[in-house]
Amino acid sequence: MLGPVTLDDVTVSFSPEEWAGLREWQRRLHRDVMRENYELLASLGCDLQVKDEEGESGEEDGRGLFSEMVLRRWKPEGETSCPQQNSGSNVAGEPVSGAGLLSQGPPGTEGGRDPRGEEPCPLTCPDCGKRFKSKTASLTHQRIHTGERPFGCPECGRRFTQRQHLGTHLRVHSGERPFSCGECGAAFRLQKLLLTHRRKAHSGEPPLACADCGKLFSHKHHLMTHQRVHTGERPFPCPECGKCFSQKHHLQTHQRGHSGDRPFPCPECGKAFKDRAGVLMHRIVHTGAKPFACQRCAKIFSHKHHLVIHQRVHTGEKPFSCQVCRKRFTQKHHLLSHERIHTGERPYACPTCPRSFKDRITLKLHVRLHTGEKPFSCGRCGESFRLRKALLSHQRAHDAPAQLICTECGESFPRMRSLAAHRRRAHPAAAPHGAGAQPRQTGCSCRLAESRADKERAAGAPPGP
């Protein structure tokens, strides 16, 4: 049967020669670890005497050198004096008393340097002061500050700071689910997902409810995050533009907008996105699936939020109101774009010409003037257009016969505005708009010409040519 734990069981002792060979930061680290061990054993009432191999106190053999320092520093000052040859010393050669050891701050104080001005501990992060017990952990942590991600996924190119994070991510591609529930057999990719499943399905614990709206959550931190919706708290500000967010991963996604980083590529076409949600929504374009149908007009959508926005057409709901002119909008980004009319802000500048725009979409359309890009092609004749609405207008010309004829030259047009534009351009001296425009009718152009001749005869004027 095992006996009680003593301080000797958790003590790593050094000979005077070994202790002299240690660097100062190694001595400080060892001192802190031993202090934690001593506090733990003292709270448990364990034996705090350090014994040598023969069971006697290690006062003279040098093996208990550091252990004696640990024991003496916890005794009242003056109760036991520690001889200088056995008490350890600082770099300056000064003896370290019990009170002196207690008064020393932890390694990493004053920016990672000892108060006496000695070299910084390599296991203390120079950026945030966090301390580590191993060099590997310290190097891994520093990648947070440097942005280094040396481990890349061969499937999708996403990169990670740690190899085990990459291994966990690879299960997304392989479909591996190594964590199984012993009660129902459900398998999970991550252990935390299995623990969540057990808590929700098998523990019988009541879910956590929001006191404001009654919404239920399985985790306390999910509830705390949700409550920021009610309190308006946004504790994560962007250091570049000052915009604040309620969740850290929302801030991280936003920062990729500044850096241009798009680590989530589409496996079908290679288009990259700032977050995983973006690529998942985009992939529906390739499948052609439109599972969300409007119950009023049967129009279908590929994304649920598109359906929600569309339904406002039927309900008349416009939840976003301008604080200056009270104009209302169905979508928030429409409101943001409108507010720039009042402020005069045009944050989206064209890289080719001096023009700037209120929103990103208008800039994108403008840039096509410089590049000559025409991404919208007619499937019937192959003609390409810069704008989607221009393509739709063109396709209507294929579907319907010409309905309007110019009274000056006989050219036919599918719409009144096309005829009016033609008259302003080709016949500027002719009658103003409306005098020579035929009413919109169905039928062929000869019927329109006959209708015009009948009107001229009724007016007593000779028929036109």
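Trainee: Which ground rules apply before we look at the predicted model?

Mentor: Residues are numbered from 1 along each chain as its sequence is written, and side-chain values use heavy atoms, with hydrogens and water left out. Because the model is predicted, local features need pLDDT of at least 70 and side-chain atom pairs count only at pLDDT 80 or more, while totals for chains, interfaces and linings use all residues.

Trainee: What pLDDT does the protein average?

Mentor: The general idea comes first: pLDDT is the predictor's confidence in each residue, from 0 to 100. Here the protein averages a pLDDT of 74, and 71% of the residues score at least 70. Over residues 50-118 the pLDDT stays under 50, and the model has 113 contacts beyond four places in sequence for that stretch; a contact means heavy atoms within 4.5 Å. Residues 437-453 also have pLDDT below 50, with 27 contacts beyond near neighbours in sequence. Where pLDDT is low, the predicted coordinates should not be read in detail.

Trainee: How many helices and strands are there in the protein?

Mentor: Helices (H or I, at least four residues) and strands (E, at least two) are DSSP runs, numbered from the N terminus. The protein has 18 helices and 20 strands. Of the contacts with a separation of 6 or more, 20% are between residues 24 or more positions apart.

Trainee: What share of the residues is buried?

Mentor: Buried means under 20% relative accessible area, exposed over 50%, and partly exposed in between (1.4 Å probe, protein chains only). In this protein, buried residues make up 29% of the 465 residues.

Trainee: Let's take a helix. How does the reach of α14 compare with the expected value?

Mentor: The expected span of a helix is 1.5 Å times one less than its number of residues. Helix α14 (residues 332-343) has 12 residues and reaches 17 Å from its first C-alpha to its last, close to the 16 Å expected at 1.5 Å a residue. Its buried residues are L335, S337, H338 and R340, and they pack against β13 (320-321), β14 (328-329) and β15 (348-349). After α14 comes G344, with a positive phi near 80°.

Trainee: And which residues of α11 are buried?

Mentor: Those are L251, T253, H254 and R256. They pack against β7 (236-237), β8 (244-245) and β9 (264-265). Helix α11 (residues 248-259) has 12 residues and reaches 17 Å, close to the 16 Å expected. G260 follows α11, and the phi of G260 is positive, near 80°.

Trainee: Which residue other than glycine has a phi near 70°?

Mentor: Most residues other than glycine have a negative phi, and most peptide bonds are trans. In this model, R326 has a positive phi near 70°. R326 sits in the loop between β13 and β14, and R326 is exposed, with a relative accessible area of 55%.

Trainee: Which residues make up the largest nonpolar core?

Mentor: In soluble globular proteins, nonpolar side chains tend to be buried together. A nonpolar core is a set of buried Ala, Val, Leu, Ile, Met, Phe, Trp, Tyr and Cys residues joined through side-chain atoms within 4.5 Å. The largest one here has five residues: Y348, C350, C353, F357 and L363. Beyond its neighbours within four places in sequence, F357 is in contact with R346, P347, Y348, C350, T362, L363 and H366.

Trainee: Is H366 buried or exposed?

Mentor: H366 is buried, with a relative accessible area of 7%. H366 belongs to helix α15 (residues 360-371). Leaving aside neighbours within four places in sequence, the contacts of H366 are C350, C353, R355 and F357.

Trainee: How many disulfides does a search of the whole structure find?

Mentor: A disulfide is a pair of cysteine sulfur atoms within 2.5 Å. The search finds zero. For C213, the closest cysteine sulfur is in C210, at 3.7 Å, so the two are too far apart for a bond. C213 is partly exposed, at 45% relative accessibility. The sulfur of C241 is 3.7 Å from the closest cysteine sulfur, in C238, and that is too far for a bond. C241 is partly exposed, at 45% relative accessibility.
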